[in-house]
Amino acid sequence: MAKKSKHELFVSTRTRIEKLGVKKDSDVLLLGIERDASFVGELRAVGAQMRTSGTGQADMIFATFHHRDDLRRLSGLVPRLRANGVLWTLRPKGSKDLTEAEMMRAGQAAGLVDVKVVSFSETLTAEKFVVPVAKRGGHPPAPKGG
């Protein structure tokens, strides 16, 4: 068997939905990505429950940010996330209007930890944020009536 060179790239065979960790019946809140027919179709195929509004906490939030000014919305998403949920922030690849470092700092300032970065599409990068395990017990409950 031929040994792989350390310079060969590993190409994943996992689907985008698998990389993002979306499971059947996941409550997924889409903010700014709901018009991506391909992604919505993938979510539908796996059996995720999608919505674009509501105050109830979600298992997963996919939120699009185009410019550093958009980051002011990030902290408001944290209470909309279940304590063990995932916030995926989506931003344009290679953008000078919003860098990876700025996104990471904004997530940390909102009390989250960044745990993964994946290529979402040819034009978008996704960063995964979660509530730190030590803080999940004190994470705010869902708003009333949501």
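Just after helix α4, Gly 111 takes a positive phi of about 90°. The model here is predicted, with local features needing pLDDT of at least 70 and side-chain atom pairs counting only at pLDDT 80 or more, while totals for chains, interfaces and linings use all residues. Residues are numbered from 1 along each chain as its sequence is written, and side-chain values use heavy atoms, leaving out hydrogens and water.

Let's look at α4 itself. Helices (H or I, at least four residues) and strands (E, at least two) are DSSP runs, numbered from the N terminus. Helix α4 covers residues 100-109, and its buried residues are Glu 102, Met 103, Met 104, Ala 106 and Gly 107. Buried means under 20% relative accessible area, exposed over 50%, and partly exposed in between (1.4 Å probe, protein chains only). The buried residues of α4 pack against these elements:

| Element | Residues |
|---|---|
| α3 | 74-77 |
| β4 | 81-92 |
| β5 | 113-119 |
| β6 | 124-130 |

Strand β6 is also the place of Glu 127. Glu 127 counts as buried because its relative accessibility is 0%. Its contacts (heavy atoms within 4.5 Å), leaving aside neighbours within four places in sequence, include Met 103, Met 104, Trp 88 and Val 117. The side chain of Glu 127 also makes a polar contact with the side chain of Arg 91, at 2.9 Å. A polar contact is a pair of N or O atoms within 3.5 Å; within protein, one must be able to donate a hydrogen and the other to accept it, and residues adjacent in sequence count only if both atoms are side-chain atoms.
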